[in-house]
Amino acid sequence: MAISSTDISNRIVEAVLAQKLAPGSRLGEQELALLFDCSRTIVREALTRLAARGIVTVSARRGWYLIEPSQDEAREAFEARRVIETGLIRQSAGGVRKDALKRLKQHLQQEKTALRQDDVGKRSYLLGDFHVCLADCLGNSLLADTLRDYTARTTLIAMRYQSTHDAEQSCEDHVRIVEALERGDIAEAEALMAEHIGTVQAALSVSTAPDPLARLREALAPVQAPGAGAATSAQLLRTTPPKAAARKRSAAGGPDSSDDSSTYLGKLL
């Protein structure tokens, strides 16, 4: 059976959810066409669909790439998920069907199994897919598709900003949400979902950008601590320029002006 552009786009999203494709990964048309044994036209259709969904981007010169979310995009994606998911739970006030609860419990069991087996890819996929499964179980397949895209984007955000959130805690959050739904405590389930999404977002180091000069700053720090006979970097930079210093030393009978600027910089470093 020939593969479709939908199949290809779904496979790419699944790979993102499993953290097998990093932010900024290049998605070459020719490579994908060879991999899926299809035409580049079908691949282009799949990538165009993903671009419309905000998961990939295209450049005339660089080709197709997975997005590299900015801090503002990270915040917006989590805010969108919070509104959608808490709203879905709120609208289920009439109760959740038994077959839906059974499906959710099966999903939780799969999460726990992946955690025990330390299967990082499967674990990541299932933890993200729980939210899609929940939306589907609550009877809104359209929002389930929307959540799949938002979850893929927040997965890329987590990979870029190095989430330290514990996977076991995430699974436990899911268990508590399902338990609240089973009890019929919709308000509690909604509060738990909002808390869960907020916790995951807070675990991302998106509040401060990394210092691009950190390594150079550390390398060029003074070897001796200030106050121990060594001048600080700022004091060194405020010292008399080399030529003026040479003239003063010459006038005082010290070393002549052959002590040039390169020697001066060598002393600084």
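These questions and answers walk through a predicted model of one protein chain.

Biologist: How many helices and strands does the protein chain have?
Modeller: Start with the predicted model as a whole. The chain holds 269 residues. Its secondary structure comes to two strands and 13 helices.

Biologist: What percentage of the residues count as buried?
Modeller: A residue is buried when its relative accessible area is under 20%. The count runs over the 269 residues of the protein chain. The share that counts as buried is 39%.

Biologist: Which residues touch the most other members of the largest nonpolar core?
Modeller: This core has 35 residues. Helices α4, α5, α6, α7, α8 and α9 each give two or more residues to it. The residues that touch the most other members are Ile89, Leu104, Leu134, Ile157 and Leu181.

Biologist: Which residues does Leu134 touch, leaving out those up to four places away in sequence?
Modeller: Leu134 belongs to the largest nonpolar core. A touch needs heavy atoms within 4.5 Å. With residues up to four places away left out, its partners are Ile89, Leu104, Leu181 and Met193.

Biologist: Are α6 and α8 roughly parallel or roughly perpendicular?
Modeller: Their axes lie 10 Å apart, at an angle of about 25°. Leu134 of α6 and Leu181 of α8 are among the residues making the contact. Angles under 35 degrees count as roughly parallel. Therefore α6 and α8 are roughly parallel.

Biologist: Are α2 and α3 roughly parallel or roughly perpendicular?
Modeller: Helix α2 spans residues 29–36, and helix α3 spans residues 40–52. They pack at an angle of about 110°. The range from 65 to 115 degrees counts as roughly perpendicular. So α2 and α3 are roughly perpendicular.

Biologist: Is the crossing of α2 and α3 left-handed or right-handed?
Modeller: The axes of α2 and α3 are 9 Å apart. On the α2 side, the contact includes Leu32 and Ala33; on the α3 side, it includes Val43 and Leu47. The crossing is right-handed.

Biologist: Is Asp149 buried or exposed?
Modeller: Asp149 sits in helix α7. Arg53 and Ile55 touch Asp149, not counting residues up to four places away in sequence. The relative accessible area of Asp149 is 12%, so Asp149 is buried.

Definitions and conventions. Residues are numbered from 1 along each chain as its sequence is written. This is a predicted model: local features need pLDDT of at least 70, side-chain atom pairs count only at pLDDT 80 or more; totals for chains, interfaces and linings use all residues. Side-chain values use heavy atoms; hydrogens and water are left out. Helices (H or I, at least four residues) and strands (E, at least two) are DSSP runs, numbered from the N terminus. Buried means under 20% relative accessible area, exposed over 50%, partly exposed in between (1.4 Å probe, protein chains only). A nonpolar core is a set of buried Ala, Val, Leu, Ile, Met, Phe, Trp, Tyr and Cys residues joined through side-chain atoms within 4.5 Å. Axes are lines fitted to C-alpha atoms, for helices over the stretch in contact, and angles run from 0 to 180 degrees between N-to-C directions. Angles under 35 degrees count as roughly parallel, over 145 as roughly antiparallel, 65 to 115 as roughly perpendicular and the rest as oblique. A crossing is left-handed if the near helix is turned anticlockwise from the far one by less than a right angle, and right-handed if clockwise.
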